[in-house]
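Hi,

Here is the structure I promised to pass on.

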Amino acid sequence: MSRLLTPELEALIGTTAIYANTEPIGRSAIRYFSLAIGDDNPLYRDRVFARELGYSDVIAPPTFICETNYYMDRFRDEDGYIGHTWNISIPGTRLIRGGHEYEFVRPAYPTDCISAHWKIVDISERISPKGPAMLLVLSEVRFINQDDELLATNNETLIYQELSADA
């Protein structure tokens with residue numbers, strides 16, 4: 001018997017959200033991000049070096065498009081988070097970010113305007129005989145530029161873990 005997975009939650013499979021940004025990333029944002037993550041690769045700040053390697057300009061570190069929420073245009077939530085959420089609230093659970101699987105297709109350039117296309121691809125429940133129930137929400141995010149070119153995908157797992165009575 002399901003403890004967390006309701007028909008209403010199951011009906012969310014296939015739900016989408018799109019965040020479109022019309023502002024180019026810019027060289028300074030790429031440079032600042034590479035400094036913030038401690039990556040001094042000249043591909044991220046030296047146009048001449050990047051061109052010598054066959055790129056038309058500097059490129060962004062791969063995780064820039066997945067981790068900066070660059071595409072968002074909204075204020076932080078009550079937890080200080082500005083990124084996408086599905087606004088799923090399940091009383092008696094705690095949310096755990098279960099991980100990401102990235103696939104990078106092509107680099108992002110300073111002139112790219114990135115859109116993020118989110119989709120819930122699956123929701124399932126696992127119940128351990130000795131532990132709490134867990135609801136797993138699997139999302140796919142496709143990062144697309146202004147020319148409809150796929151830059152990367154991110155498969156994200158969110159886990160809603162049932163709290164024990166003595167927690």
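This is a predicted model: local features need pLDDT of at least 70, side-chain atom pairs count only at pLDDT 80 or more; totals for chains, interfaces and linings use all residues.

Residues are numbered from 1 along each chain as its sequence is written, and side-chain values use heavy atoms, with hydrogens and water left out.

Let's start with the rings. Rings of Phe, Tyr and Trp (for Trp, its six-membered ring) pair if their centres lie within 6.5 Å; planes under 30 degrees apart are stacked, over 60 edge-to-face, and the rest tilted. That rule gives 3 aromatic pairs. One of them is Phe-33 with Phe-64, an edge-to-face pair at 5.4 Å centre to centre with 85° between the planes. This pair links distant parts of the chain, with Phe-33 in helix H2 (residues 27–36) and Phe-64 in helix H4 (residues 64–67), 31 residues apart. Helices (H or I, at least four residues) and strands (E, at least two) are DSSP runs, numbered from the N terminus. Phe-33 is buried at 13% relative accessible area, and Phe-64 is buried at 3%. Buried here means under 20% relative accessible area, exposed means over 50%, and partly exposed is in between (1.4 Å probe, protein chains only).

Trp-86 and Trp-118 also form an edge-to-face pair, at 6.4 Å centre to centre and 80° between the planes. This one links distant parts of the chain too: Trp-86 is in the loop between H4 and strand E2 (93–104), Trp-118 is in strand E3 (residues 115–127), and they are 32 residues apart. Trp-86 counts as buried because its relative accessible area is 13%, and Trp-118 is buried at 5%.

Now the strands. Two strands pair if DSSP finds at least two bridges between them. E1 and E3 are antiparallel, with 5 bridges, and Thr-16 stands opposite Lys-119 in E3. Strand E1 (residues 16–20) has Ala-17 and Tyr-19 on a covered face, with Thr-16, Ile-18 and Ala-20 on an uncovered one.

E5 (residues 150–162) is mostly covered, with 10 of its 13 residues buried. It runs antiparallel to E2, joined by 11 bridges, and Leu-95 stands opposite Tyr-160 in E5. Strand E4 (residues 133–144) also pairs with E5 in the antiparallel sense, over 11 bridges; there, Ile-144 has Leu-150 as its bridge partner.

Thr-93 deserves a look while you are in E2. Its relative accessibility is 17%, so Thr-93 counts as buried. A polar atom of its side chain lies 2.6 Å from the backbone oxygen of Ile-90. Leaving aside neighbours within four places in sequence, Thr-93 is in contact (heavy atoms within 4.5 Å) with Leu-4, Tyr-160, Gln-161, Glu-162 and Leu-163.

Finally, the two loop residues. Most residues other than glycine have a negative phi. Asn-87, in the loop between H4 and E2, has a positive phi of about 55°, and it is exposed at 70% relative accessibility. Asp-148 has a positive phi near 60° and sits in the turn of the hairpin that E4 and E5 form with 5 residues between them. Asp-148 is exposed as well, with a relative accessible area of 66%.

Best wishes

Terms used. A polar contact is a pair of N or O atoms within 3.5 Å; within protein, one must be able to donate a hydrogen and the other to accept it, and residues adjacent in sequence count only if both atoms are side-chain atoms.
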